[in-house]
Amino acid sequence: MLRIIGALVLSAAACLYGFFISTGIKRKIAAEDGFLMLITYIKIMISAGNMPLNKIYSSFSDGELERNGFLNDLRNGGCNAFYEIMTKKGTEYIADREIRELIVSFSGQIGACPLASDGVRLCEKYISLVENRISGIRENDKTRALLSKKLGIIAGAFILVMFI
Amino acid sequence: MFKTAYASGFDNILKQLPTVICSAVGELKKSGKFSGLSEIRLRAGMYQSLTVNGENLIISDDGKLGKNVLSPLILDEKAIGDIVFKMCSGSVYSHAEELKKGYISQSGIRIGVCGKGLVKDGDPSGFLKYNSLNIRLPHHVASAADELLRYIDKNGIEKVGGILVVSPPGYGKTTFLRALASRLSGGFYSLGKFMASRVCIVDEREEIYLPEAFEKGFCDVISALPKAYSIEICTRVMAPDYIVCDEIGSDEEAEAICASATRGITFAATCHGNGIEDVSLKKGIRSLFERKIFNTVCELSLNGREHTCIIKNAEREGSIRIC
């Protein structure tokens, strides 16, 4: 009896770990999409009416960036909040080094653009760079997420078979 | 005639400056000379100074003030750029229209900007680098226009008509106009009768309107838009008795003023110049005199620290040169 219960617990743990890794990957994917959406939103709001960044941040919403606390930090930060958050806590929000560096570089430049047209051009440039990078790694990330889930289930099933 | 008062936005500005400069302002407060502070001037690679009662006091690197200090505070171009960035709330592009005209406005305080200009498609479009800042502390001096108000009481508001305030820069035109607008909207006497007017302030550079100066009264403010456009808008939608605007002079502004005046609106405005003869050399202003839009001219002058105001009848004075 004790062996069966132990096997069930181990099997469930293996499955959950697989799901946990898969969810982590999916959240990183969602965060990357969130940052891409944020840059797109900044571009739209600047071209629509030269809206200052603090107002853009307060009106922007994204599920994953809200959940991980990035938007909260951004709204409550100072006038250079985006750059400061990304340089201090960038690794918490974006796993891929290349995308992180692109976002840090963008956040350091956008506020200092002397004209709205320069800001829009900068957004367009970084949207294109981030999209290129994302398209290069997205399939791999999705496969990893699926694989983690499958491996967790297989490991759980294997433990059950082995012990029962 | 002029006493100084505190301007509400100044604390916000101070928060964005290096702490040494805040210490220097604190030093000034301790010495009881803060009321004389009119400007904070910051320059890359040179002295930083406060203008107090017309004198330039240099800021030392430990926040002390003096006419001659041993170790003056030196800021580099990056530090000045960072201050501009903060003054623009981290979005320089959103202040592009102001920067194009050489200033940033914040909480009723105008910050003059100098540096390496940016030209796009042949038009000046702001700055690439910033070298100098001039933070001008506005003063609400409730009594600044008292002399003119006595004149209005004696002669009647109808006879006084449109008012043009004339002086060279730095003589207190805007302070005078603010005090006048505050009293016209808050209550004044005309031929012994108490009255108040609906006043619309056209505040293109956001430096006339200070909340503490307009707590009472019938006052509407249109800000951050070109004067000619604002005059047209507030004539159409606000139906004021008076329109108050600073630093008029262009033909376009004169046209807008003429168009509004024909609808029965009276104007109180300022103009750079040494006197009525000087400003009537400007085509736009001359046409306003010719159409009798300004009947009264107030010439401000400065003798040492004393401001004086000479009130003239534009029709009588102007007839010497205008026609």
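This is a predicted model: local features need pLDDT of at least 70, side-chain atom pairs count only at pLDDT 80 or more; totals for chains, interfaces and linings use all residues.
In strand β13 of chain B, C245(B) is the bridge partner of V202(B).

Strand β11 of chain B, residues 199-203, is joined to β13(B) by four bridges, and the two strands run parallel. As a general point, strands of a sheet pair through backbone hydrogen bonds, either parallel or antiparallel.

Let us now consider the side chains. In a regular strand they alternate between the two faces of the sheet. Strand β13 of chain B, residues 242-245, is covered on both faces. Y242(B) and V244(B) are buried on one side, and I243(B) and C245(B) are buried on the other.

The open sheet has seven strands, in the order β12-β11-β13-β14-β8-β15-β16 of chain B, and its pairing is mixed. Which strands lie at the edges? They are β12, residues 219-223, and β16, residues 306-313, of chain B, each of which pairs on one side only. From one strand to the next, the twist averages 20°. Helix α8 of chain B, residues 227-237, packs on this sheet and touches β11, β12 and β13 of chain B. The direction of α8 makes about 160° with that of β11(B).

I turn to a pair of helices in chain B. Two packed helices are described by the angle between their axes and the distance between the axes. For helix α9, residues 251-261, and helix α11, residues 283-290, of chain B, the angle is about 20° and the axes are 8 Å apart. Because of that angle, α9(B) is roughly parallel to α11(B). Their crossing is right-handed. On the α9(B) side, the contact is made by D251(B), E253(B), A254(B) and I257(B). On the α11(B) side, K283(B), G284(B), I285(B), S287(B) and L288(B) take part. By class, this contact has four nonpolar, two polar and three charged residues.

Chain B holds another open sheet of seven strands, with antiparallel pairing and the order β4-β3-β2-β1-β7-β6-β5. Its edge strands are β4, residues 65-66, and β5, residues 103-106, of chain B. Within this sheet, four bridges join β1, residues 37-43, to β2, residues 49-52, of chain B. One position to look for is E39(B), which stands opposite T51(B) in β2(B). Helix α3(B) lies across β1, β5, β6 and β7 of chain B, running at about 95° to β7(B).

Where do the two chains meet? There, 15 residues of chain B are in contact with 16 residues of chain A. On the chain B side, α3, β6 and β7 each supply at least two residues, and β7(B) gives the most, with four. That side has seven nonpolar, six polar and two charged residues.

Leaving aside its neighbours within four places in sequence, I42(A) is in contact with I56(A), I110(A) and C123(A).

Definitions and conventions: Residues are numbered from 1 along each chain as its sequence is written. Chains are lettered from A and ligands numbered from 1 in the order in which they are written. Two residues are in contact if their C-beta atoms, placed from the backbone, lie within 7 Å. Ala, Val, Leu, Ile, Met, Phe, Trp, Tyr, Cys and Pro count as nonpolar, Asp, Glu, Lys and Arg as charged, and the others, Gly among them, as polar. Axes are lines fitted to C-alpha atoms, for helices over the stretch in contact, and angles run from 0 to 180 degrees between N-to-C directions. Angles under 35 degrees count as roughly parallel, over 145 as roughly antiparallel, 65 to 115 as roughly perpendicular and the rest as oblique. A crossing is left-handed if the near helix is turned anticlockwise from the far one by less than a right angle, and right-handed if clockwise. Two strands pair if DSSP finds at least two bridges between them. A residue is buried if 20 or more other C-beta atoms lie within 10 Å of its own, exposed if 12 or fewer, and partly exposed in between; C-beta atoms are placed from the backbone.
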